[in-house]
Amino acid sequence: MTDPIADMLTRIRNALTAKHETVEVPASNMKKAIAKILLDEGYVKSVDFADDGLSGKLVIGLKYADGNKPVISGLKRVSKPGLRTYAGAENMPKVLGGLGTAIVSTSKGIMTDRQAKAANVGGEVLCFVW
């Protein structure tokens, strides 16, 4: 697998389309940090780590609004292995005019676009969530 983050986002997107309650993703430190941001921003219901003897699995509880409509209406991978995308603190991208969230990998860890702007750090724009 060349892009594990894109695989994680695709698994979440597919599980939301199929109206699943949870989705399992192979764990890594980067994926744990992204899942924690999704939890903190209110896009998912829960994030649990299940040890399977290997690298482990992240069990992500998906969140639905009234009428069984997913809270996450879009996930987009921005920086890909073949074409990395970087942004400075002053020109951090806005997702849907500030309604969505950009997840950024900075020298101070993985954080949202708002946190990166407040900490005055730039970095690699991993994905957009709205």
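**Entry 1: a hairpin**

I started at alanine 50, whose bridge partner in β3 is lysine 57. I am working from a predicted model. I then looked at aspartate 48 and found that its bridge partner in β3 is valine 59. Next I checked the two strands as a whole. Strand β2 covers residues 44-50 and strand β3 covers residues 57-62. They pair in the antiparallel sense, over 6 bridges. The hairpin of β2 and β3 has 6 residues between the strands. Glycine 53 sits in that turn, and I noted its positive phi of about 90°.

**Entry 2: the sheet**

I asked which strands join β2 and β3 in a sheet. I found an open sheet of 3 strands, in the order β1-β3-β2. The pairing is antiparallel. I marked β1 (22-26) and β2 as the edge strands, since each pairs on one side only. From one strand to the next, the twist averages 20°.

I then looked for helices on this sheet. α1 packs on it and touches β1 and β3. The direction of α1 makes about 165° with that of β1. α2 packs on the sheet as well, touching β1, β2 and β3. Its direction makes about 150° with that of β2.

**Entry 3: two helices**

I turned to how α1 and α2 meet. Helix α1 runs over residues 4-17 and helix α2 over residues 29-40. Their axes come within 10 Å and cross at roughly 40°. I therefore wrote down α1 as oblique to α2. The crossing is right-handed.

Which residues meet here? From α1 I listed Pro4, Ile5, Met8 and Ile12. On the α2 side they meet Met30, Lys31, Ile34, Ala35 and Leu38. I sorted the residues of this contact into 8 nonpolar, no polar and 1 charged.

**Entry 4: valine 125**

I found valine 125 in strand β10, residues 123-129. Is it buried or exposed? Its relative accessibility is 2%, so it counts as buried. I listed its contacts, leaving aside neighbours within four places in sequence. They are Val78, Ser79, Thr85, Ala87, Pro93, Ile103 and Val104. I also checked valine 125 against isoleucine 5, which lies 120 residues apart from it along the chain. Their C-alpha atoms are separated by 12 Å.

**Entry 5: aspartate 113**

My last stop was aspartate 113, in helix α3 (residues 113-119). I read 8% relative accessibility, so aspartate 113 counts as buried. The cut-off is under 20%. Not counting residues up to four places away in sequence, aspartate 113 touches Met92, Pro93, Thr101, Ala102 and Val104.

Methods. Residues numbered from 1 in each chain as written. Predicted model: local features only at pLDDT ≥ 70, side-chain atom pairs only at ≥ 80, totals over all residues. Heavy atoms only, no water. Axes fitted to C-alpha atoms, helices over the stretch in contact; angles between N-to-C directions. Helix = DSSP H or I, 4+ residues; strand = E, 2+ residues; numbered from the N terminus. Parallel < 35°, antiparallel > 145°, perpendicular 65-115°, else oblique. Left-handed = near helix turned anticlockwise from the far one by under 90°. Contact = heavy atoms within 4.5 Å. Nonpolar A, V, L, I, M, F, W, Y, C, P; charged D, E, K, R; others polar. Buried < 20%, exposed > 50% of the residue type's maximum accessible area, 1.4 Å probe, protein only. Pairing = 2+ DSSP bridges.
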